[in-house]
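Welcome, and take a moment to look over the sequence and the model before reading on. The paragraphs below walk through the structure step by step.

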Amino acid sequence: MRGGPRSRRHYHGRWHVFARVERFAEPALLLLLRERPTHGYDLLERLPELTGESRVEMGNLYRLLRALEEEGLVASEWSDGKRTYSITERGRQLLDQWAEALRTSQERTQTFLERYAEGR
């Protein structure tokens, strides 16, 4: 496999590991919209605080918002010349499932880190 798994890279004599949750932008967006309905530019500014990414591509954000809207997880309407997004009840249910999955992942990660620390 050229380049190896996306979660790690080896270059310049050193491993670079990326402990990232795939598709984390989805639950992050749903959480931000649960906090308050808002427009895309606001989401673009606030999303990095949850994802840890330095910046989010605007095109990717709007593609994701459109996909979430098509699935009935997000709704939008025009207000003051801007499209304002909000979470739907179905989106809230999915956000609850994301939170549970992340809790489980956090528990597994904690177990791993504790065992790692024991062997040092």
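In which helix is the place of Arg46? Arg46 sits in helix α2, which covers residues 40-51. Before we follow this residue further, a word on what you are looking at. This is a predicted model, in which local features need pLDDT of at least 70, side-chain atom pairs count only at pLDDT 80 or more, and totals for chains, interfaces and linings use all residues. Residues are numbered from 1 along each chain as its sequence is written, and side-chain values use heavy atoms, with hydrogens and water left out.

Let us begin with the overall plan. The protein has four helices and five strands; helices (H or I, at least four residues) and strands (E, at least two) are DSSP runs, numbered from the N terminus. Of the 120 residues, 24% count as buried, where buried means under 20% relative accessible area, exposed means over 50%, and partly exposed lies in between (1.4 Å probe, protein chains only). The accessible surface comes to about 9,200 Å², and 48% of it belongs to carbon and sulfur atoms; such areas come from the Shrake-Rupley method with a 1.4 Å probe, and for residues only the protein chains shown count as cover. Contacts, meaning heavy atoms within 4.5 Å, also tell us something about the fold: among those with a separation of 6 or more, 39% join residues 24 or more positions apart.

Now look inside. The largest nonpolar core has 18 residues; a nonpolar core is a set of buried Ala, Val, Leu, Ile, Met, Phe, Trp, Tyr and Cys residues joined through side-chain atoms within 4.5 Å. Those with the most contacts inside this core are Leu29, Leu33, Leu43, Leu47, Leu61 and Leu65. The elements giving two or more residues to this core are α1 (25-35), α2, α3 (58-70), β5 and α4. Helix α1 gives the most, with five residues. Leu61 lets you see how the parts meet: not counting residues up to four places away in sequence, Leu61 touches Leu29, Gly40, Leu43, Leu44, Leu47 and Val56.

Arg92 belongs to helix α4 and is partly exposed, because its relative accessibility is 34%. Leaving aside residues up to four places away in sequence, Arg92 touches Arg34 and Ile87.

Glu35, Arg36, Asp42 and Arg46 are linked in a network of salt bridges.

How many salt bridges does the structure hold? There are five. Among them is the one between Arg55 and Glu57, whose closest N and O atoms are 2.7 Å apart. Arg55 is exposed, because its relative accessibility is 59%, whereas Glu57, at 38%, is partly exposed. Another joins the side chains of Arg103 and Glu100 (3.1 Å, N to O). Both residues lie in helix α4, three residues apart, about one turn of the helix.

Finally, let us visit two places elsewhere in the model. Asp80 is found in the loop between β4 (74-79) and β5 (82-87). Although Asp80 is not a glycine, it has a positive phi of about 55°, and at 78% relative accessibility it counts as exposed. In helix α4 (residues 89-118) you will find Leu113, which is partly exposed at 43% relative accessibility.

Definitions and conventions:
Salt bridge = Lys/Arg side-chain N within 4 Å of Asp/Glu carboxyl O.
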